Amino acid sequence: MLIMRKIPLDVPVKELTVGDEILIHTKSFGSQILDVVRDDERGLLLMFEDCIMESAMNEGDTNKGGFADSFLNRRLYYKLKPELPEFITRRLIELSVPTYGMIFGHDEFYDKFEPDSDDQLPCMKVCKNRIVTLEDDTRWYWLRNATKKDVSAACFAGVSYSGYANYNGAGFVLGVRPVILIEK
């Protein structure tokens, strides 16, 4: 991602701008870089630069209930949220994984998935920014959108190790690249 500034944790949130990097430290997930990728009326969207862990979306191959009712969503709230810095948790609006729209926009392949209202993040127009690692190895990672029932009742959208759109069975173990929406 394009780096504008590396930001210390004590900088006021109101001074953060798109392109800033924030280094955080967690007990379970180590040191991680958060990139400011969007600033709009909803708040500031922070995206982990890389995957922080691997996980199945659900314990079986089902997308019933979508991301909101998923095993991965619960895991983010019970494992990651308690380890986030206080400046994030006190402003937290949402902790999730990216939507298909954030990463790819609304192309023809998007028609396979439950809709979202997100525009493609400008930084994700460059394929190399969609490619992530975990433990120095490129990873596939989850997106929030379930496949439509006429495609499959078992899958969610994902990003391949080469930065392209795909989908996988919810029981597969893929990388997790969280996004965090915070109040400005």
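This is a predicted model: local features need pLDDT of at least 70, side-chain atom pairs count only at pLDDT 80 or more; totals for chains, interfaces and linings use all residues.
Local features were taken at pLDDT of at least 70 and side-chain atom pairs at pLDDT 80 or more, while totals for chains, interfaces and linings use all residues. Residues are numbered from 1 along each chain as its sequence is written, and side-chain values use heavy atoms, with hydrogens and water left out.

Side chains of opposite charge can pair when their charged atoms come close. A salt bridge was counted where a side-chain nitrogen of Lys or Arg lies within 4 Å of a carboxyl oxygen of Asp or Glu. The whole structure contains 10 salt bridges. One of them joins arginine 38 to aspartate 118, with an N to O distance of 3.5 Å. This pair links distant parts of the chain, 80 residues apart: arginine 38 belongs to strand S3 (residues 30–40), and aspartate 118 to the loop between helix H3 (100–104) and strand S7 (132–134). Helices (H or I, at least four residues) and strands (E, at least two) are DSSP runs, numbered from the N terminus. Both arginine 38 and aspartate 118 are buried; buried means under 20% relative accessible area, exposed over 50%, and partly exposed in between (1.4 Å probe, protein chains only).

A salt bridge also connects arginine 42 with aspartate 40, whose closest N and O atoms are 2.7 Å apart. Here arginine 42 is partly exposed at 36%, whereas aspartate 40 is buried at 14%. Arg38, Asp40, Arg42 and Asp118 are linked in a network of salt bridges. In a further salt bridge, the closest N and O atoms of arginine 139 and aspartate 137 are 3.5 Å apart. Arginine 139 is buried, with 15% relative accessibility, and aspartate 137 is partly exposed, with 41%.

Aromatic pairs were defined on the rings of Phe, Tyr and Trp (its six-membered ring) with centres within 6.5 Å; planes under 30 degrees apart count as stacked, over 60 as edge-to-face and the rest as tilted. Nine aromatic pairs were found. Tryptophan 140 and tyrosine 161 form a tilted pair, at 6.5 Å centre to centre and 50° between the planes. Tryptophan 140 is in the loop between strand S8 (137–139) and strand S9 (141–146), and tyrosine 161, 21 residues apart from it, is in the loop between strand S10 (155–159) and strand S11 (165–169). Tryptophan 140 is partly exposed at 27%, as is tyrosine 161 at 48%.

The pair of tryptophan 142 and phenylalanine 156 is edge-to-face because the planes lie at 85°, with ring centres 6.3 Å apart. Tryptophan 142 is in strand S9 and phenylalanine 156 in strand S10, so the pair ties together parts 14 residues apart in sequence. Tryptophan 142 is buried at 0% relative accessible area, and phenylalanine 156 is buried at 0% as well. Tyr100, Phe104, Phe109, Tyr110, Phe113 and Tyr167 make up one aromatic cluster.

The largest pocket has a volume of about 230 Å³. A pocket is an open set of points on a 1 Å grid over the protein atoms alone, where a 1.4 Å probe fits, with protein on both sides within 12 Å along at least five of seven lines; lining residues have an atom within 4 Å of a point. Grid points are joined across faces, edges and corners, and the volume is the space filled by probe spheres set on the points. Of the 20 lining residues, Glu94, Thr99, Asp116, Asp118 and Arg144 are the closest to the pocket centre. Strand S6 (92–96), S9 and strand S13 (179–182) each supply at least two residues of this lining.
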